[in-house]
Amino acid sequence: RDDVDAVAIFSGAPDHAEHTRLCMERGWHVVAACPTCLTLEEADTKALDLAPLAEGSNLTTLKIYGHRKNIAALGSLSTLEEFVFNPAKGMSLEFINGMTDLKALKLVLGGTEHLRDIELPNLQDLAVTQTRGFNDCGDLQRFGTLRRVLGQDEPHLKTITTGSGNPELQHVWFHNCPGLGEIAGLEDLPALRSLHASKTGLSDG
C-alpha cells in the first residue's frame, strides 16, 4: 500500500520480531509494543548490521559480543569511552583509532594476534582476556595515559614492554599467561602500585 507511512504492532509477543521485519522491508516506520531483544547478545543473528550505531554520537559505552558486520563503521564514534568486544581472526583493528576519547579497551574471547596498529591518546585501561592467538601488545609506552593493563589466559604472550612513557601506569596484572617471560621497564614506572603475575613464566604460582 502507498498510503501507509508507519505501523504500530500489538500482535502476540512471539510474532513482534517477524512482523516488524516485514513492515520495515516495505519501507514503513515501526513502533512495536515489545522489544525484540534488550541487548545485542540476545539477538539471534550474527549478521546484525552495526553501521547504524555509528550515528550514536552520545554513546559512551559499547559492548559487542559475536557481532561484526560493518564493525569498522564504529571508528567514527569519537566520543566513546569504553569499548568491549571479541575480535575475529584476521580482522583489522585500525578502526579503533578513530575512537579518540576511548579510555577503556577490552578484548574478550574472539581471536587476534596483536594490538600494534592501535594508537589511542587517552587510553587508561587495557585488557585482553582469552583472545585466541594473541601474542603482542606492542610497546605500551605509546599509550601515555595508561593506568591499568590486564592479560588473562593468553598462552602465546611472551613479552610486555612498558617504561618511562607510561608515567601514570599503576596496575599491571597478568594471570595464566604461561609463555610470559618478561615485563620490561617496570623500574621506570613512578606510579606503579600493584604487580600481579600468576601462572606465568615469571612465577611459580
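Residues are numbered from 1 along each chain as its sequence is written, and side-chain values use heavy atoms, with hydrogens and water left out. Because the model is predicted, local features need pLDDT of at least 70 and side-chain atom pairs count only at pLDDT 80 or more, while totals for chains, interfaces and linings use all residues.

## Helix α1

Let us start with helix α1, which spans residues 16-25. Helices here are DSSP runs of H or I with at least four residues, strands are runs of E with at least two, and both are numbered from the N terminus. Which residues of α1 are buried? H16, T20 and C23 are, where buried means under 20% relative accessible area, exposed means over 50%, and partly exposed lies in between (1.4 Å probe, protein chains only). These three cover an arc of only 65° around the axis, so they sit on the same side of α1; the arc is taken from the directions from the helix axis to the C-beta atoms. An α-helix has 3.6 residues a turn, so residues three or four places apart point the same way.

The cover over the buried residues of α1 includes β1 (6-9) and β2 (29-32). A17, also in helix α1, is partly exposed at 36% relative accessibility. Its C-alpha atom is separated by 21 Å from that of Y65, 48 residues apart along the chain. Just after α1, G27 takes a positive phi of about 85°.

## The nonpolar core

The largest nonpolar core has 38 residues. Such a core is a set of buried Ala, Val, Leu, Ile, Met, Phe, Trp, Tyr and Cys residues joined through side-chain atoms within 4.5 Å. Which residues have the most contacts inside the core? They are L74, F83, F85, I96 and L105. At least two core residues come from each of β3 (61-64), β4 (82-85), β5 (104-108), β6 and β9 (171-177), and β9 gives the most, with three residues.

L105 shows what such surroundings look like in detail. Not counting residues up to four places away in sequence, L105 touches F83, F85, I96, I118, L120, L123, D125, L126 and A127, a contact being heavy atoms within 4.5 Å.

The loop between β3 and β4 holds L80, which is buried at 0% relative accessibility. Leaving out residues up to four places away in sequence, L80 touches L59, T60, T61, L62, M99, D101 and L102.

T131 is found in the loop between β6 and β7 and is also buried, at 2% relative accessibility. Beyond its neighbours within four places in sequence, T131 is in contact with P87, L107, V108, L109, G110, G111, T112 and E154.

H171 is in strand β9. Is H171 buried or partly exposed? At 23% relative accessibility, H171 counts as partly exposed. With neighbours within four places in sequence left aside, its contacts are R147, R148, V149, L192, R193 and S194.

The table sets out one C-alpha to C-alpha distance for each of these residues.

| Pair | Apart in sequence | Apart in space, C-alpha to C-alpha |
|---|---|---|
| L80 and T100 | 20 residues | 7.9 Å |
| T131 and L109 | 22 residues | 4.4 Å |
| H171 and S76 | 95 residues | 30 Å |

Most residues other than glycine have a negative phi. Q130 has a positive phi near 50°. Q130 lies in the loop between β6 (125-129) and β7 (148-152) and is partly exposed, with a relative accessible area of 39%. K199 has a positive phi too, near 55°. K199 belongs to strand β11 (residues 194-200) and is partly exposed at 47% relative accessibility.

## The second largest pocket

The second largest pocket has a volume of about 150 Å³. On a 1 Å grid over the protein atoms alone, a pocket is an open set of points with protein on both sides within 12 Å along at least five of seven lines, for a 1.4 Å probe, and lining residues have an atom within 4 Å of a point. Grid points are joined across faces, edges and corners, and the volume is the space filled by probe spheres set on them.

How many residues line this pocket? There are 13, of which M91, S92, T112, E113 and H114 lie nearest its centre. The lining has four nonpolar, four polar and five charged residues. Here Ala, Val, Leu, Ile, Met, Phe, Trp, Tyr, Cys and Pro count as nonpolar, Asp, Glu, Lys and Arg as charged, and the others, Gly among them, as polar.
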